[in-house]
Amino acid sequence: MDSDDMFTTPTADERRVNVGIALLVTNFSGMVLMGQRQGSHGEGTWSLIGGWMRHGESFLDAARREAKEEADLNIQTAMVVGAISTVFPDEDVHSVTVLLVAEEWEGVPKRMEPDKLIRDWGWFSPDNLPSPLFKPLSDMSNPSFKEKLIEMFIREGLDFCSNAV
């Protein structure tokens, strides 16, 4: 493939991979903020704040925008901790989801997009997450991914629940 081919519009037979972000927000008690999806792929599953990146956005910019749009939260800092490639064959969607952890944030979560969430945002124990989980999140929840995430937090000396609500 020459360099000109990389920038052409795909034909009907060439599908692109979407890039999304998922933002892990925790409170002082270590509970994880989650919502139940509706109106898009993964309907009925439980997910973190997230969505598709827009052209020109950084991961942090996308996380900030999604947190404000979906939950009225203000994200000051967040750190990329992983990524996963997921195919939704029944919905003809392929995505790479970049997982970020909110390090500093403010606000009280509100359901800002009632057409996208079945009910208000809720706080859940990491040991007792609701089910079913949104596929990228369930893929990230496999034991080897969790172990790597925990090791990284210990190595970096990060506090997994350093934010208020």
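In what order do the elements of the protein run from the N terminus on? They go β-β-β-β-α-β-β-β-α-α, which gives three helices and seven strands. Keep in mind that this is a predicted model.

**The big picture**

- The protein has 165 residues, and 41% of them count as buried.
- Contacts across the sequence matter for the count here: among contacts with a separation of 6 or more, 69% link residues 24 or more positions apart.

- A general point to start with: strands of a sheet pair through backbone hydrogen bonds, and they can do so parallel or antiparallel.
- E1 and E6 run parallel and are joined by seven bridges. Within that pairing, Gly 20 has Thr 97 of E6 as its bridge partner.
- E5 and E6 run antiparallel, with 13 bridges between them.
- Phe 88 sits opposite Val 93 in E6.
- E5 and E6 also form a hairpin with four residues between the strands. In that hairpin, Asp 92 takes a positive phi near 55 degrees.

**The three-stranded open sheet**

- Three strands make an open sheet in the order E3-E2-E7, with antiparallel pairing.
- E2 covers residues 32-36 and is joined to E7 by three bridges. Leu 33, for instance, is the bridge partner of Trp 123 in E7.
- Two bridges join E2 to E3, and this pair is antiparallel. Here Gln 36 is partnered with Trp 46 of E3.
- Why is E2 described as largely enclosed by the rest of the structure? Because five of its five residues are buried, where buried means under 20% relative accessible area.
- In a regular strand, side chains alternate between the two faces of the sheet.
- In E2, Val 32, Met 34 and Gln 36 point one way, while Leu 33 and Gly 35 point the other way. All of these residues are buried.

**The nonpolar cores**

- The largest nonpolar core holds 19 residues. Those with the most contacts inside it are Ile 21, Leu 23, Val 25, Ile 49, Leu 73, Ile 75 and Leu 100.
- Which elements give two or more residues to this core? They are strand E1 (18-24), helix H1 (59-71), strand E5 (74-88) and strand E6 (93-106).
- A second, separate core has 14 residues, including Leu 24, Val 81, Ile 84 and Val 101.
- Leaving out residues up to four places away in sequence, Ile 75 touches Leu 23, Leu 60, Ala 63, Arg 64, Ala 67, Ala 102, Glu 104 and Trp 105.

**A look at His 41**

- You'll find His 41 in the loop between E2 and E3.
- Is His 41 buried or exposed? With a relative accessible area of 15%, His 41 is buried, because the cut-off for that word is under 20%.
- Setting aside neighbours within four places in sequence, His 41 is in contact with Trp 52, Phe 88, Glu 91, Val 93 and Phe 134.
- His 41 and Asp 92 are 51 residues apart along the chain, yet their C-alpha atoms are separated by 9.5 Å.

**The largest pocket**

- The largest pocket has a volume of about 560 Å³.
- How many residues line the largest pocket? There are 31, and Arg 37, Ser 40, Gly 50, Gly 51 and Glu 70 lie nearest its centre.
- The elements that give two or more residues to the lining are E1, strand E4 (49-52), H1, E6 and helix H2 (135-140).
- E4 gives the most to this lining, with four residues.

Methods. Residues are numbered from 1 along each chain as its sequence is written. This is a predicted model: local features need pLDDT of at least 70, side-chain atom pairs count only at pLDDT 80 or more; totals for chains, interfaces and linings use all residues. Side-chain values use heavy atoms; hydrogens and water are left out. Buried means under 20% relative accessible area, exposed over 50%, partly exposed in between (1.4 Å probe, protein chains only). Contact means heavy atoms within 4.5 Å. A nonpolar core is a set of buried Ala, Val, Leu, Ile, Met, Phe, Trp, Tyr and Cys residues joined through side-chain atoms within 4.5 Å. Two strands pair if DSSP finds at least two bridges between them. On a 1 Å grid over the protein atoms alone, a cavity is a set of points where a 1.4 Å probe fits but cannot get out, and a pocket is an open set with protein on both sides within 12 Å along at least five of seven lines; lining residues have an atom within 4 Å of a point. Grid points are joined across faces, edges and corners, and a volume is the space filled by probe spheres set on the points.
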